[in-house]
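Subject: Structure handover

Hello,

Here is the structure for you to look over. My notes follow below it.

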Amino acid sequence: MIATLKYAAIVGAAGGLAAAYVLHGWWPLALPLAVVGALWVWGSWHGRRWPADAGLLLLAVAAGGGLWLGLSAGESFLAVVLTLSAWDLDHFHRQVRGELRTEAIARLERGHLLRLLAVDAVSAAVAGVALALRLQLGTGLAALLGVLVVCGVGEAIAFFRRESD
Amino acid sequence: MPPPSPRPRKAVQRFFLLGVVTFALILAGLGSLRGELVLLAVPLVFYLAAGLLGAPLPPALKVTRTLPGGRVFPGAPVAVRLEVVNEGPALPVVRIADPVAPALEVLGGETGLLTALPLGRKVELNYTVSARRGAYHLPPVHVTVSDPLGLFCWEKRIAVPSRLVVYPEVPRVRRVDIRPQGTLAYAGPVPARRGGPGIEFYGVRDYNPGDPLRWVNWRASARHDQALFTNEFEQERVADVGLILDTRVRSDIQVDGDSLFEHAVQATAGLAQSFLNAGNRVGLLLYGRVLDWTFPAYGKVQQERILQALARAAPGESMVFERLDNIPVRFFPPRSQLILISPLFPDDMATLVRLRARGYAVLAISPDPISFEGRALPAGEAAALGQRLAHLERGVLLRRLQQSGIQVLDWPVGRPLDVVLRAALARAPSWQRTVGVE
């Protein structure tokens, strides 16, 4: 099941984003996206890790860049969610199909899917609320978020320093 | 020794990649004042947060590795069982790997496992390995615990002291006739060179009152007036036997995966068993890279000690022990029997002669390296001629040793040692015999 979901997510992310680019008249950019998706499927089939990492990076950039090219926020958001899910499932599938014996595979799969589903659902809910309320990012809010991000990154660095001591 | 602490929790590469993408989206959104871009980072932020919340606590695992009791011989399957019990917090994803030592071959079963371990749960790994002769320390067990999303992990190497000793094959060696100058106090199979109760005729002496009449030598007595003579028999005692195994690198010749040294080790094991079963006191010296000395003793326990020493015997090189000159003679009781198992080299002769001169009875059992190596030589006139010359050279060496009063057994390792020993030692009538080169 994990494999099916993984391939569906990769095809959905890359194919959906390419289709959105075509619909908005940017078909020359759709082709590289389809290639990225194909490469990811190929890499995933052969158990390679780097195509998944490259896929996450390129599709996230493409989703963000699409906002300037006429893609709607919903389309880009959906592409990012599918990309994240595909990247996660690719890793999990590689882990469980490795050379090791996997015990309680059903429980591992169920736990993992539930967690991923929860992340996706909460993100979708937050995004839905934000889009419905049409929140505008003013300078003040941007500055506030910027401060929060800087604080968050600082905390993260401090956390990892503590852990590695 | 306290258990090694786990390596610190670490964020795996995935965390950093995701962090960079998230950070880039947010920064781009804030920089361009486009809220949609920040919105795209929301699923990534929640994913990172979920990973952080589910980050595993330090694992507390009890690991035991069980190896079969009793002796293990080369190539025999050895069932290994690894038991892991979680005595700490629940672990969502655990990867357990028992890295098998490179010298061992996995025949079947699983050496790794990916599972979830709730508190108190136990999992087992069962696998079968086989190995060549040797003493192996099994490496620590690798345990990796990660959060369900695989963003953080603990790595732990748990040392589970386990030692697998693969004994050498012990070929059957029936009684080996030795005749050292000195024997011990207890009755045994070795002729003691002194008269007394025994089986073999030893000599004739004057009759002493109390001698059994059936011991009187009537034929000798009839030739003398007023004199009676009594037959004497040779006492039989146990003896001190020192086995010396040559572990110098040059004594190990490998041909098609077969090792001359292995044959020598097996011969030593067979001889040790034979002498110990006969009640003798046996010691073992491994002479090569180092001196590995097993103090002389009797019985089954000593047999175990010697087999363990032979299990760990390996050819090695040392400048000090390149020649046999440094054999520590004080290890061996005076006038005892020494048995050297070595292919023999020309520079060994002086040492062997010196040992003989010190009063030791020396038997050199020499696995024949020429015919052993000859199996791998290409057929041809030149190879045959070369082999013949080498045989002649070796023959000269062995004959000179025999002439020095050293028993020499030239052993083509293709034939069982027992057969060669019996054929060689049973033929000559005298205790002074030297065994002929075949």
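A contact means two C-beta atoms, placed from the backbone, within 7 Å.

Some ground rules. This is a predicted model: local features need pLDDT of at least 70, side-chain atom pairs count only at pLDDT 80 or more, and totals for chains, interfaces and linings use all residues. Residues are numbered from 1 along each chain as its sequence is written, while chains are lettered from A and ligands numbered from 1 in the order in which they are written.

Chain B overall

Chain B holds 10 helices and 21 strands. These are DSSP runs numbered from the N terminus: helices are H or I with at least four residues, strands E with at least two. Its radius of gyration is 34 Å, well over the 22 Å from the globule rule for 438 residues, so chain B is more spread out than a compact globule. The radius is taken over C-alpha atoms; the rule is 2.2 Å times the number of residues to the power 0.38. The C-alpha trace spans about 135 × 60 × 35 Å along its principal axes. Of the 438 residues, 38% count as buried (20 or more other C-beta atoms within 10 Å of the residue's own).

Domains of chain B

An automatic or database assignment sets the bounds. It gives domain 1 (7-53), domain 2 (61-166), domain 3 (191-237) and domain 4 (240-427). The C-alpha centres of domains 2 and 4 lie 40 Å apart. Each of these two domains puts five residues into their contact. On the domain 2 side, β8 (134-137) and β11 (163-166) each supply at least two residues.

Where the chains meet

Here 47 residues of chain A are in contact with 39 residues of chain B. α5(A) gives the most to the chain A side, with 12 residues. That side divides into 26 nonpolar, 12 polar and nine charged residues. Nonpolar means Ala, Val, Leu, Ile, Met, Phe, Trp, Tyr, Cys and Pro; charged means Asp, Glu, Lys and Arg; the others, Gly among them, are polar.

The core

The largest nonpolar core has 139 residues. Such a core is a set of buried Ala, Val, Leu, Ile, Met, Phe, Trp, Tyr and Cys residues joined through C-beta atoms within 7 Å. Among the members that touch the most others are A:Leu17, A:Leu59, B:Leu243 and B:Val362. Not counting residues up to four places away in sequence, B:Val362 touches residues including B:Leu338, B:Leu352, B:Arg356 and B:Ile406.

Best wishes

Conventions. Buried ≥ 20, exposed ≤ 12 C-beta atoms within 10 Å, placed from the backbone.
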